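Me: I would like to learn how to read a protein model feature by feature. Could you walk me through one?

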Amino acid sequence: MSKQLPRLTTGIPGMDEVLKGGFIEGASYIVQGQPGAGKTIFSNQVAFAAAAAGRKVLYVTLLAETHDRLFNVLSTLDYFDRDKLGTSIVYVSVFQTLRDEGLSAVVQLLRRETKRQDASLLVFDGLLNARDRADTDLDVKTFLAEVQSQAAFVGCTVLFLTSAQLGDGSPEHTMVDGVVELHDDLIGMRTVRQLQVRKSRGSGSLGGYHQYEITGQGLTVYPRLEAMLAYTSIEDQPEPGRVGTHVEGLDAMIGGGLPIGSVTLLFGPSGSGKTSLGLDFLDGSSPDEPGLLFGFYETPKRLLLKSQALGVPLDGHVESGSLEMICQPMTENLIDKLGRDLLAAVRRRGVKRLFIDGLGGFERAASYQPRLVEFFAALTNELRALGVTTIASWELRDLFGPHVAAPAHEISSLLDNLIMLRQVELESRYKRVISILKVRDGVFDPALHEIGFGNHGLKVALPLEPVTGAATGLARPLEQ
Amino acid sequence: MAMIVVAEDEFLLGDMLASILEDEGHEVAVAAHGAAALDLMRVHKPDLLITDFMMPLMTGLELATAVRKDDALKVIPIVLVSGAQGSIGRSHPDMFDAVLDKPYNAKQLVLAVQKLLDDRGAI
């Protein structure tokens, strides 16, 4: 029977998940990162969360900005509470002791003050200075060991902050229980903030990089979705039954509707009608079947106008609360934040009908493309387990052409159903065509059908006349 | 020309404070925390004490309390210079003769110091 060690919550959204519960009480951690990476904001966020939970915090600095300047900077953050200063969180400097008396004297001072303040969290900002003062690596190790041991004895968690680029074999790393490294990386043209837990004694942690943001609320960490949801959060309980697409004539093509909780990829080139089909699908939203549109291309207002033009005005659903539209412009996004926001919106309202317009928005937001298969696997598995029937659109690269490039290889196999929309050039006209390529565990009509805009949304019409090459958009009549 | 003890854990601030006061012709001794400041006061019997609030081992309030309890030191005027605890200083007028909020400017400080020294009869 394994034991769970008591934890100190970090107070940083997403960070407890990365540490699989938060810091371990009485343990010591190094928080390292270049200036500007966010160590001060990180450690103060932890401090103010601890103070809010009724704990005493001792924040020790060496040679840094004055405390007054620090408070000015922190006052721009939501978590800052001036009343906590000098009461729950005590900020002191021990530089003179370090300079005039050395490391051992600093240790004594820290020990006495931690006890005096009855602190259960000690933040020590300036490990780099301590290292400079040390004559040997052993001095550094001794310093850390002495501070740690007393802190552990009184159950005080310690965060050592440093801007040194300490390697894995450094004396500092070997002494502490955990190491959190903050990066501000340049990837292509943009900077991406990422953190990594490089060591975590006494607990597992989510390894690798996790992206984070610094806003007026301080740090928010977005754990890598495929690491956090390696397995679904609840058990997958598949339900038999179908969900109507609300597109006239389409349900008949796919055996009565989409299987409940399935994920459908709707792909086709620009202008083929993907968004329209999705809006039609969302017309099926109701209080019992809450709907969600998670899009990247058009604003909610524009989408509502489009739905009106289509003949399926969605305003009523939005006003009644049956439908929510979340639209994120396809600018510089963080993929795990998108995933988190989507799942949060699904869970918040118990969403049953989801239209993602389109998966490309997630793809573009990944700073490391090779992880997309795992990301989509985690995302779609979670949506299935939550019983959400999802249609996700995907834009085909070529409007016309011999290659029908399905989404990045292996992603199609993650999805249950594949529906393709094409514009086919025939007799000097473009005909809109829909075809079903796959319905997992179900029958479907394999014929290509024309699809048009009726008075109330899309309408599947006659099977397309016999031609070859329709799938590429460049059809040729069959040889007579 | 007076003898002033400064209690300030932030090295840069203590240093700057000492410079400002020395420029005015005073003699200054800086302590890095309250306990060391109390020792300095017992040794020098200064004309004035300027203290920070948050310091290791002994806060500014604890220092002022200790000074007021000591018969040899209790009449020495005490100035509190604080970033966040100015209000605590002002609610203890028996402890602190003047309270300056950080950031203060040099002129304000010099004037406050001069006034207290004049009141006390020191030059």
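**Strands, core and interface**

Reply: Happy to. Let's begin with pairing: two strands pair if DSSP finds at least two bridges between them. Here E4(B) and strand E5 (residues 98-101) of chain B pair in the parallel sense over four bridges, with B:Leu80 opposite B:Val99 in E5(B). Strands (E, at least two residues) and helices (H or I, at least four) are DSSP runs, numbered from the N terminus. This is a predicted model, in which local features need pLDDT of at least 70, side-chain atom pairs count only at pLDDT 80 or more, and totals for chains, interfaces and linings use all residues. Residues are numbered from 1 along each chain as its sequence is written, while chains are lettered from A and ligands numbered from 1 in the order in which they are written.

Me: Which strand pairs with E4(B) over three bridges?

Reply: That is strand E3 (residues 48-51) of chain B, again in the parallel sense. B:Leu49 stands opposite B:Ile78 in E4(B). From E3(B) the chain crosses through helix H3 (residues 60-69) of chain B to E4(B), a right-handed β-α-β crossover (with the strands pointing away from the viewer, the path from the first strand over the helix to the second runs clockwise).

Me: Is E4(B) buried or exposed?

Reply: A residue is buried if 20 or more other C-beta atoms, placed from the backbone, lie within 10 Å of its own, exposed if 12 or fewer, and partly exposed in between. In strand E4 (residues 78-82) of chain B, five of five residues are buried. B:Ile78, B:Leu80 and B:Ser82 point one way, and B:Val79 and B:Val81 the other.

Me: How should I read a nonpolar core?

Reply: In soluble globular proteins, nonpolar side chains tend to be buried together. A nonpolar core is a set of buried Ala, Val, Leu, Ile, Met, Phe, Trp, Tyr and Cys residues joined through C-beta atoms within 7 Å. The largest one has 172 residues, and B:Val79 and A:Leu122 are among those touching the most other members. Helix H2 (residues 39-52) of chain A gives the most to this core, seven residues.

Me: And how many residues meet between chains A and B?

Reply: Contact means C-beta atoms, placed from the backbone, within 7 Å. By that rule, 19 residues of chain A are in contact with 16 residues of chain B. The largest share of chain A's side, four residues, comes from E5(A).

Me: What about helix H11 of chain A?

Reply: Nine of the nine residues of H11 (residues 274-282) are buried, so this helix is largely enclosed by the rest of the structure. Among them are A:Lys274 and A:Asp280.

Technical notes: Contact = placed C-beta atoms within 7 Å.
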